[in-house]
Amino acid sequence: MSRRVGVYVCHCGSNIAGTIDCEAVARAVGERVADVAVSRDYKFMCSSLGQSMIQEDIEKEKLDRVVVAACSPHLHEKTFRRACSNAGLNPYLMQMVNVREHISWVTKDQVEATRKATAMVTGAVERVKRQEALEPQYVPVNPATLVVGGGIAGLQTAIEIAEFGHPVYVVEREPSIGGHMAQFDKTFPTLDCSACILTPRMSEAGQHDCIHLLTWSELESVSGSVGNFKVRVRKKARYVNSEICTGCGVCEEKCPIKVVDDVFEAGLGIRKAIYMPFPQAVPKMPVIDTAHCIWFVRGKCRACEIFCPTKAIAFDQKDEIVELEVGNIVLATGYDLFDCRRLPQYGYGRLDNVFTSLEFERMCNAAGPTGGRIVLRDRETEPRSVAVIHCVGSRDKRTNEYCSATCCMAALKFGHLVRERIGAEVYSFYIDIRTFSKDYDEFYQRVMDEGVHFVRGRVAEVTDVPRSPAEEGKLVVQCEDTLLGVQRRIPVDMVILMGALEPRADARDLALEAGISCSMNGWFTERHPKLDPVATMTDGVFLAGACQGPKDIPSSVAQGAAAAARILGMITRGRVEIEPVVATIDEERCSGCRICNALCPFHAIEFDEARHVSHVQASLCKGCGTCVAACPAQVIRGAHFMNEQIFAEIEGLLADAWSDVSEPVAAFAAGGVDD
Amino acid sequence: MTDLEFQPKIIGFLCNWCSYRAADLAGSTRTRYAPNVRYVRVMCSGRVDPAFVMKALSLGADGVLVAGCHPGECHYLEQNYKTMRRMTMLQHTLRQLGVEEGRVRLVWASAAEGHRLAKAIDEMVDRIRSLGPLRWPAGWQERPEVLAAIERVASEHASAAQEVAT
C-alpha cells in the first residue's frame with residue numbers, strides 16, 4: 001500500500017510556532033515517515049493562501065491523503081475538508097491534528113511540545129494512510145416541527161415557523177400556554193404589562209392554521225433521528241369535551257371545591273377543582289383536577305355537568321396517546337423556581353410575611369389573588385418597609401453556584417413597584433448588581449433615584465425575634481454591610497426572596513428521551529457555548545429559552561427565533577446531510593452471538609432470526625462505535641474509526657517510544673522518528 | 001526540567017463530545033499541564049477497545065488515559081457506562097499482569113471541565129513518573145523469540161484486517 005501524503009503544519013502566527021518548532025516537525029515527519037510526499041509549514045493554513053497551497057499540492061503532487069496540524073477540528077475541520085473537496089480529494093481522506101489547543105497553548109516546554117507534536121502528526125499520517133473515502137448521506141426533512149413547552153420562547157419558535165406555512169405542534173404540560181411570563185405583572189426594564197404583550201402572541205398561536213396546540217399534554221417518547229422523528233405525546237384527560245366547550249366558565253363558578261393554586265398563583269391564590277388557570281388562557285377551556293373533584297374523590301356532586309350549557313363535561317374521558325412525525329424538535333421547557341424552604345434561615349414557610357418572587361409577582365398583578373394590592377399575608381395591612389433579598393439559591397456553594405441572571409432586574413422592578421404603589425421603604429440586599437443588558441443599568445439608576453436603599457452583603461438570617469423595642473412585631477434582616485464593614489439589623493414588615501432559576505425537576509428525563517445532555521447543574525447543553533447556543537449535540541434537536549440556562553424574556557425570544565430560523569433553513573433545503581460515520585456488520589462472518597444487540601441505546605442493531613446474524617440500520621446508527629469495540633469476532637466496522645486506523649495511529653504516536661530515554665530530546669526533533 | 005528527567009509517554013483516548021472539547025477548553029483558557037499525553041480522538045469512550053490499551057502498552061506507552069463524558073451525560077446516552085465496565089475488567093487483568101495501579105486511568109471530563117482534565121493528567125504524569133518506565137513486557141525488545149512472535153501475530157492481524165476490508 002503506497003500512498004502520497006501531504007503534511008501541513010500551521011504556525012497560527014505565533015500561537016503554535018511560539019512553542020512548537022513547526023519547521024522541525026514538518027522536516028522530521030517529511031524525512032522519517034514513509035509515504036509522506038510533501039511536508040510543509042506555513043504561517044496560517046486556514047488563510048486562502050494556505051488552503052490553495054493544499055489544493056495545488058493535491059493537483060501537482062498527486063496527493064491522495066492530507067494531514068493538517070493546526071487548531072481543533074471542531075473549528076476548522078470543515079475548512080480543510082472543503083479545501084480537499086475543491087481539489088477533487090474526498091474530504092474524509094484528510095485528518096487534522098490539534099497542535100494548538102492540545103499542545104502549544106498548554107505548555108511552555110518547547111522541546112516536549114515539539115516532541116509531542118511530531119508524535120501526533122506521525123500518528124495522523126499512519127492513520128490517514130488507512131482512511132477510506134466516504135460519501136455523506138442525505139435524509140429528507142419532514143417539514144413538521146415539535147415544540148416542547150408553550151412559554152414565550154416556545155411560542156416565538158412556533159409562530160415564526162408557522163408563518164412560513166409549516167405545521168408546528170406545541171406540547172404544553174399545563175392547561176394553558178403562556179408559561180411563566182403569563183404569571184408576571186410588569187416586565188423589566190420597560191415596565192410594560194406582561195399580559196398586554198404576551199396574550200396577543202398566545203391568541204395568535206391559538207388561532208394559527210399551522211399551529212396545533214397540545215395542552216395538558218406531556219412528551220412520552222422520542223425515536224428516530226434528524227429529519228424523521230417519531231414522537232408520542234400523552235394528552236391527559238381534561239374531562240371536558242374540547243369540541244363543544246365554549247369556555248363560558250359556568251362550571252368553574254358552580255364548582256363547590258376551592259383548592260390552593262400552587263402552580264399559576266404560586267400558592268397565593270385559590271382556584272376551583274374545575275378550572276382555567278387564568279382568564280386569558282389559551283385554549284379557553286377548563287380541566288378537572290381529579291385529586292380534588294368530589295366526583296373523582298367520593299363519587300358525588302357533578303355540579304359542573306348539571307350546569308354546563310353545552311353538556312361538555314365528560315367524566316369518562318381517558319388519557320390519549322398521540323403519535324406525531326416531525327423533522328425537528330425544539331425544547332423550550334423553561335425553569336422551576338428555587339424552593340426557598342431549602343434555606344430555612346430566611347424563614348420562608350415559617351414566617352408569614354416572607355414571600356417568594358413569584359408570589360410577589362402574582363400579588364402585583366391586577367388579575368392576581370390580591371387584585372394588585374401589595375399587602376401582608378393578612379391580606380389587609382400594607383407594609384411600610386420591604387426587604388428584597390437577592391441571590392436566594394444562586395451564587396451559593398450550598399445550593400447553586402451559578403448566577404440566575406434575571407433576579408437583579410426583577411428585584412429592581414419590585415423595588416420600583418413598591419415605591420410607586422405604596423411608597424414603602426425598600427431595602428435591596430445584594431452581592432453584586434448585575435444589569436448587563438440594553439437599558440438595564442439605566443433602570444438601576446432610576447430605581448436608585450426613586451429612593452430604594454441598596455445594602456451590599458449576603459443576608460445571614462431573617463428573624464422575628466426582637467432585640468430592641470424597634471424590632472417588636474417586625475421581621476429583622478441581619479446582614480453584614482460589606483461597604484460599611486458593620487453588622488446591620490434592619491426591621492421590615494415584608495421580605496421578598498429572589499429565588500434562583502433552576503432546571504425543571506424532570507429535565508434530565510427529557511434530555512435522555514431527546515438524546516441530549518445536561519450540564520452539571522442540569523441545564524440542557526448547547527452545541528457550542530458561543531458559536532452555537534441554539535443547536536444541541538443531537539442533530540434536529542434545538543433549544544430555546546431558560547431550559548438552556550437562566551435567561552430573561554428578550555434573550556428567550558431571541559433564542560426561540562434563532563431556533564426557528566435554523567429549522568426553516570433545514571425545511572427549505574429539504575434534506576439534511578448526515579456524517580457517514582456509522583457501523584456496519586460483515587454478515588458473512590457474524591456468529592450471531594448478539595452481544596452487540598443489547599449495547600445500542602438507539603436500537604440500531606436488529607437481529608435477523610432467519611439468517612441468525614445481526615444487522616445495523618444505518619439511519620439509526622449514531623456512530624459511537626461501542627458495538628465495534630465489543631464484537632468478539634471483530635466483524636463490525638466503524639467507518640472512519642476502524643480498528644486498523646486506530647491501531648496505526650497508536651503505532652505512529654509511539655514511533656519514538658523505544659528511543660533511549662537519556663538521549664537528548666532535541667535530537668528527536670531534528671532527527672525525526674525512530675523506525 | 002532537564003533532558004535526563006523521565007518523560008512518560010501516555011496515550012490518551014478522548015471522546016469527541018466531552019473530553020476532546022475539555023482538552024480544547026484547557027487550551028483556549030491556557031491551562032498549563034504536562035505535555036506527555038498524546039491524544040487519539042474517538043467518537044465515544046465506548047469505542048475504546050481494551051485491545052487499544054494493550055496495544056499502546058505493548059508498543060511502549062508508559063500509561064493510557066481514557067476520558068469520556070460524565071455518567072449520565074454521554075452524547076450517546078449511556079455508552080460511557082459500558083466503558084466503565086470494560087475498564088474495570090481491563091484494570092483487573094492488568095493487575096494480574098503486574099502493571100501498576102495508576103498506569104491506566106479512566107477520567108470523566110465534561111466539555112466545560114478543561115481544568116479537571118488538566119489536573120487529572122498532571123496527577124497521572126506525576127504518578128507514572130514516580131513508577132518509572134513501563135517497558136512492558138520487560139526487556140522484550142532484546143529477546144528475538146518475542147520479536148518473532150510479535151511479528152507473526154502482527155502479520156496475522158494484518159491479514160485478518162485485510163480480509164475484513166475485502
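A: In this predicted model, A:Arg173 has a relative accessibility of 32% and so counts as partly exposed. A:Arg173 forms a salt bridge with A:Asp506, and their closest N and O atoms are 2.3 Å apart. The two partners come from distant parts of the chain, 333 residues apart. A:Arg173 is in the loop between strand 7 (168-171) and strand 8 (186-187) of chain A, while A:Asp506 is in the loop between strand 28 (501-503) and helix 14 (507-514) of chain A. A:Asp506 is also partly exposed, because its relative accessibility is 27% and that class lies between 20% and 50%. Side chains of opposite charge can pair when their charged atoms come close. Here the cut-off is a Lys or Arg nitrogen within 4 Å of a carboxyl oxygen of Asp or Glu.

Over all chains, the structure holds 52 salt bridges. Another of them is formed by the side chains of A:Glu323 and A:Arg232, at 3.0 Å from N to O. A:Glu323 belongs to strand 17 (residues 320-326) of chain A and A:Arg232 to strand 12 (residues 228-235) of chain A, so this pair ties together parts that are 91 residues apart in sequence. With a relative accessible area of 58%, A:Glu323 is exposed. A:Arg232 is partly exposed, at 33% relative accessibility.

A salt bridge also joins A:Glu359 to A:Arg377, with N and O 3.0 Å apart. This pair links distant parts of the chain that are 18 residues apart: A:Glu359 is in helix 11 (residues 357-364) of chain A, and A:Arg377 is in the loop between helix 11 and strand 21 (385-392) of chain A. Is A:Glu359 buried or exposed? At 2% relative accessibility, A:Glu359 counts as buried, because the cut-off for that class is under 20%. Elsewhere, A:Asp35, A:Glu126, A:Lys129 and A:Arg130 are joined into one network by salt bridges that share partners.

A disulfide is a covalent bond between the sulfur atoms of two cysteines. Over all chains the structure has two disulfides.

One of them joins A:Cys193 to A:Cys196, with an S to S distance of 2.3 Å. The torsion about this S-S bond is about 95 degrees, so the disulfide of A:Cys193 and A:Cys196 is right-handed. A:Cys193 is partly exposed at 22% relative accessibility, whereas A:Cys196 is exposed, with a relative accessible area of 51%.

The disulfide in chain B joins B:Cys18 to B:Cys69, at 2.4 Å from S to S. Its torsion is about 100 degrees, so the bond between B:Cys18 and B:Cys69 is right-handed. B:Cys18 lies in the loop between strand 1 (10-15) and helix 1 (19-28) of chain B, and B:Cys69 in the loop between strand 3 (63-68) and helix 3 (79-96) of chain B, so the bond ties together parts that are 51 residues apart in sequence. Both ends are buried: B:Cys18 at 8% relative accessibility and B:Cys69 with a relative accessible area of 3%.

A:Cys304 counts as buried, at 8% relative accessibility. For A:Cys596, the closest cysteine sulfur is in A:Cys593, 6.1 Å away and again too far for a bond. A:Cys596 is buried too, with 9% relative accessibility.

As for the setting of the chain A pairs, chain A has 18 helices and 34 strands. Its C-alpha trace spans about 90 × 70 × 45 Å along the principal axes. Of the 675 residues in chain A, 58% are buried. Among contacts in chain A between residues at least 6 apart in sequence, 69% join residues at least 24 apart. The chain exposes about 27,800 Å², of which carbon and sulfur atoms supply 50%.

Definitions and conventions
Residues are numbered from 1 along each chain as its sequence is written. Chains are lettered from A and ligands numbered from 1 in the order in which they are written. This is a predicted model: local features need pLDDT of at least 70, side-chain atom pairs count only at pLDDT 80 or more; totals for chains, interfaces and linings use all residues. Side-chain values use heavy atoms; hydrogens and water are left out. Helices (H or I, at least four residues) and strands (E, at least two) are DSSP runs, numbered from the N terminus. Buried means under 20% relative accessible area, exposed over 50%, partly exposed in between (1.4 Å probe, protein chains only). A disulfide is a pair of cysteine sulfur atoms within 2.5 Å. Contact means heavy atoms within 4.5 Å. Accessible areas come from the Shrake-Rupley method with a 1.4 Å probe; for residues, only the protein chains shown count as cover.
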